[in-house]
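Hi everyone, thanks for coming. Please have a look at the model on the screen, and then I'll walk you through what is inside.

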Amino acid sequence: YGFIGSRLFLKDVVQGFACEGGDEGVASVYKRREDETTTRACLNPLRADLSFQNLGGIRGMIAADQVGNLGGEKSFYVQGGKNSVANGDGSFEGFLAEVMLELSSGENQNDGNNNDDGGYSAQASSVAANDEDNIYPLPPTPLSSLVQLSGGATGGVVLTGYNDAFVAKSLYHSHLDSTKHGMQSIDKDAIAAAATILARTAVAGAYQDENEGVDAATAAAYALELLPNPATSSSEPFETLFTCLFEDGNCDAFLKYASVERANDAKRTGVDLGLGDALGSPPSYYTSIYNQNSGQACVVASGIWYGAMSEANSTEEEIKMYGKSESDTFLLRASLLETSIFGFLNNFLGRGTISDQEGGDGSTDAKLASCDSSSDCISVSYCSSEASEPTCAGGSCVCGSRSHYHPALDEAITPVANKFPGYFKVDGNDEGISAMFTEPFWSSDVGVRVYRDAGKKPGIMASSLGAVFCLACVCAVYRLKKKLVKEKVY
């Protein structure tokens with residue numbers, strides 16, 4: 001449960017992805033096959049978007065865990081960056097760890113440039129290496145999955161709110177991890193400080209060259225220059241996200257962004273799937289059963305829905321393959337949370353390529369056109385390149401759709417080809433690198449009842465109490481009968 005994130009995504013990127021019909025795939029919306037901006041998709045194993053193939057290799061990962069509850073302190077801890085599996089000193093992972101620590105140094109925290117992080121700082125974790133292999137263990141995070149799937153060739157760092165053990169009474173990723181339940185207090189300022197450290201570390205990591213020629217101090221200084229002002233818990237974007245994620249999962253912001261993405265998809269595919277499952281109030285992060293209504297991508301061919309399609313396992317009499325009808329398309333009904341994050345990312349990232357035509361200086365001060373869907377943004381002229389085709393996100397026309405969905409599954413789970421969505425199989429070639437977590441949906445006539453073997457004592461005690469009670473009842477009835485006979489009423 002702690003390995004949150006998509007191991008399937010990491011496997012597809014790190015180990016490579018092979019599409020049955022060729023890596024080029026097919027147009028995700030068949031009627032738009034001539035449009036160069038139409039994303040490509042794979043029929044088997046089904047991927048509704050193959051854009052991840054353009055990422056290249058993963059150099060390292062920056063993760064965060066439990067940064068909202070520091071146990072009353074103001075210290076974060078940097079996990080990893082050392083010899084976590086096969087990464088020695090001077091590695092990119094070590095560089096990221098040094099950057100995090102450099103950003104938290106007294107000089108950089110109080111440089112007179114509005115760089116006051118409220119007294120929060122990061123320090124190296126005191127976790128010791130294992131005696132057997134001299135490897136530093138990592139906490140259960142997406143980084144653990146990356147290290148496992150890459151065989152230790154790729155690593156990274158984790159910014160945590162705990163040192164070598166979870167904070168006392170922390171409700172680790174549970175349904176009680178919410179301010180509404182009152183079980184714990186969420187430190188909003190700590191989250192803002194963690195966001196600042198993570199953002200600056202990401203910028204510093206991107207500043208590093210391929211030969212590891214940039215030292216941590218130089219990279220940290222560059223990140224501070226580019227991001228001089230720390231995030232604050234009182235800012236409007238922070239307050240909005242905090243409310244939606246911790247207090248009310250049906251918030252107006254989520255509904256606004258999700259409604260726009262719903263309209264975009266309906267215009268693009270010709271199918272309106274409605275809004276996905278909401279988090280509720282207070283938010284519940286239960287993932288639900290994975291099917292076409294809860295995040296599973298599917299393909300519609302000649303009006304029939306499939307979890308995947310394979311020409312090798314079908315005949316023309318059985319199914320009509322993708323591309324036989326102009327209405328053929330790939331569909332994905334994500335949850336309200338996922339759809340909203342998709343729109344959030346498009347909105348914020350899409351403001352970076354606004355041209356000078358309206359803003360005057362290339363900044364995001366340009367007055368963005370309002371919209372209900374991407375079809376309202378066709379006439380927008382302030383997007384600087386063809387690659388930044390205008391799109392609607394959160395009610396504003398921004399430049400380029402930069403968000404992408406990818407199935408968040410165990411790497412061994414594969415949808416069955418030529419079957420309705422909701423049917424899955426376990427890949428026989430899976431190496432069993434990580435444990436599989438599932439919640440199977442069994443038929444009501446499948447299963448057995450299991451009883452706990454409590455030993456002989458409960459049975460003996462129950463029999464004894466029953467015998468005593470029975471004897472007491474016999475005695476009571478006998479005495480009652482004698483009394484009734486004496487009173488001549490029996």
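Helix α8, residues 252–269, gives the largest share of the lining of the largest cavity, namely 6 residues. Helices here are DSSP runs of H or I with at least four residues, strands are runs of E with at least two, and both are numbered from the N terminus. Before I go further: this is a predicted model, where local features need pLDDT of at least 70, side-chain atom pairs count only at pLDDT 80 or more, and totals for chains, interfaces and linings use all residues. Residues are numbered from 1 along each chain as its sequence is written, and side-chain values use heavy atoms, with hydrogens and water left out.

Back to that cavity. Its volume is about 150 Å³. Of the 17 residues in its lining, Arg262, Asp265, Leu273, Gly274 and Leu332 lie closest to the centre. By class, the lining has 8 nonpolar, 4 polar and 5 charged residues. For those classes, Ala, Val, Leu, Ile, Met, Phe, Trp, Tyr, Cys and Pro count as nonpolar, Asp, Glu, Lys and Arg as charged, and the others, Gly among them, as polar. Searching the whole structure turns up 2 cavities of 30 Å³ or more.

A word on how these spaces are found. On a 1 Å grid over the protein atoms alone, a cavity is a set of points where a 1.4 Å probe fits but cannot get out; a pocket is an open set with protein on both sides within 12 Å along at least five of seven lines; and lining residues have an atom within 4 Å of a point. Grid points are joined across faces, edges and corners, and the volume is the space filled by probe spheres set on the points.

Now for the open kind of space. The second largest pocket has a volume of about 1200 Å³. Its lining counts 36 residues, and the closest to the centre are Thr37, Thr39, Arg268, Thr391 and Ser401. Which elements give two or more residues to this lining? They are α8, β10 (329–331), α9 (336–349) and β11 (390–393). Helix α8 again provides the largest share, 6 residues. The classes here come out as 10 nonpolar, 15 polar and 11 charged.

Let's move to the nonpolar cores. A core is a set of buried Ala, Val, Leu, Ile, Met, Phe, Trp, Tyr and Cys residues joined through side-chain atoms within 4.5 Å. Buried means under 20% relative accessible area, exposed means over 50%, and partly exposed is in between, with a 1.4 Å probe and protein chains only. The largest core holds 27 residues, and Phe76, Val78, Phe95, Val99 and Leu159 have the most contacts inside it. At least two residues each come from β5 (75–80), α2 (92–103), β7 (156–160), α5 (188–207) and α6 (216–226). The biggest contributor is α2, with 7 residues. Leaving out residues up to four places away in sequence, Val99 touches Thr201, Ala204, Ala216 and Ala219, where contact means heavy atoms within 4.5 Å. There is also a second, separate core of 15 residues, including Tyr30, Leu43, Ala297 and Phe330.

Thr154 sits in the loop between α4 (142–149) and β7. Is Thr154 buried or exposed? Thr154 is buried, because its relative accessible area is 11%.

Two peptide bonds are cis. One joins Asn44 and Pro45, with omega about -10 degrees, and Pro45 lies in the loop between β2 (40–43) and β3 (46–47). Another runs from Ser281 to Pro282, with omega near 0 degrees; Pro282 is in the loop between α8 and β8 (298–301).

Gln66 has phi near 50 degrees, in the loop between β4 (61–65) and β5. Gln66 counts as buried because its relative accessibility is 15%.

To finish, the whole chain. The protein chain has 11 helices and 14 strands, and 41% of its 490 residues are buried. Thanks, and I'm happy to take questions!
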